[in-house]
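Keep the viewer open as you read.

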Amino acid sequence: MTAFYTPGVALVSKEIIENPERVRELTSTAGAVAVVSDGSAVLGLGNVGPRAALPVMEGKAMLFRELGGVNAWPIVLATQDAEEVVRTVRAIAPGFGGINLEDIAAPACFEIERRLQEELDIPVVHDDQHATAIVVLAGLYNALKVVGKDLAQCKVVVNGAGAAGSGIARLLHAAGVGELLVVDSKGILSTNRTDLSSEKLALAQISSTQQMGDLRDASNGADVLIGVSVAGAFNERIIRAMNSEPIIFALANPEPEILPEDAKKAGATVVATGRSDFPNQINNVLVFPGLFRGLMAARKKNITVDDKLRVAQALADIIDEPTVDNIVPDVFDKRVASCVAQAIIGGTI
């Protein structure tokens, strides 16, 4: 017992007192992630609270361990007050090497992530924003190969302006998309709208559009339609109004914006969903285990735009010859976590 508890353990504590930076090598923190949720935006279920969110966080912790070799602990909070969430996470942070914010609704998620990134010295990532965006971009790179189009020449519409939609739009902008429109429940995010929050106004400014209208107006002539919204949001009429060989990412869970067979009946060439029972599953599980493994190994505090672009390209490159039904790796492909971690640890774009 003296080897791992009293009195021997006191020597370790004394060493950390004298050299605080050694806590990573002398304790479990180097490979430990807290998966934190307030239960306000769980999967496709919405605001279900902390108890109903717990199974999702437990499942995610298992995926961290199984796919990335990272020890993760599910932590659900009995508060949805942003200030209290920040205070609580800050208080538990010394026991972890990374904080994965999960299923926290917009706009609170933006403020919570920003504050924690400023105040903590470990990586803090809101997975719904960043990991989802990375997988979408990786899938889009390969889908565009299938149809022979260039992202810089494409018109892309993102339907949904919450955490995932915001992250996707920002990363597509950084990747050099030709034309980008973001749509919320009231229509196109236009700089002419007077009802936009600061986050949505920033998205409107990214797309630099004064166009007004609904989803059908936005999708007219579009090459790509990405949904992170609600079941049934897309229909055949919208898809038929798009450009030739349209690409549809219908990512609402558990029911997509349109079923793949209906999208293809309307003329879609490549269709992806968030579900495992259809081809082309766009799921952030492809990113987060390797992402945190890489961030913690490299001792990087935050994920950068360059990191995200690099990971997206690395994921896309795993698929040697993309096809209409194979644009992203399988979520249980053992190569994925190492590929993502390496993209974080080394190299520049």
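The model is predicted, so to speak of local features we ask for pLDDT of at least 70 and count side-chain atom pairs only at pLDDT 80 or more, while totals for chains, interfaces and linings use all residues. Residues are numbered from 1 along each chain as its sequence is written, and side-chain values use heavy atoms, with hydrogens and water left out.

Start with the open sheet, whose six strands follow the order E7-E6-E5-E8-E9-E10 with mixed pairing. Strands (E, at least two residues) and helices (H or I, at least four) are DSSP runs numbered from the N terminus, and two strands pair if DSSP finds at least two bridges between them. Strand E7 (187–188) and strand E10 (270–273) are at the edges with a single partner strand each, so one side of each has no neighbour in the sheet. E10 runs parallel to strand E9 (residues 247–250), and four bridges join the two. Look there for Ile-247, which stands opposite Val-270 in E10.

Helix H6 (residues 127–147) lies across E8 (224–227), E9 and E10, at about 155° to E9. Such angles run from 0 to 180 degrees between N-to-C directions, with axes fitted to C-alpha atoms, for helices over the stretch in contact; contact means heavy atoms within 4.5 Å.

Now turn to H12 and helix H14 (residues 335–345), whose axes come within 7 Å and cross at roughly 35°. Among the residues that meet are Gly-290, Leu-291 and Gly-294 in H12 and Ala-337, Ala-341 and Ile-344 in H14. The residues of this contact divide into nine nonpolar, three polar and one charged (Ala, Val, Leu, Ile, Met, Phe, Trp, Tyr, Cys and Pro count as nonpolar, Asp, Glu, Lys and Arg as charged, and the others, Gly among them, as polar).

The loops deserve a look too. Most residues other than glycine have a negative phi, and most peptide bonds are trans. The loop between strand E3 (98–101) and helix H5 (108–119) holds Asp-103, with a positive phi near 55°. Pro-107 is found in the loop between E3 and H5, and a cis peptide bond with omega about 5° joins Ala-106 to Pro-107.
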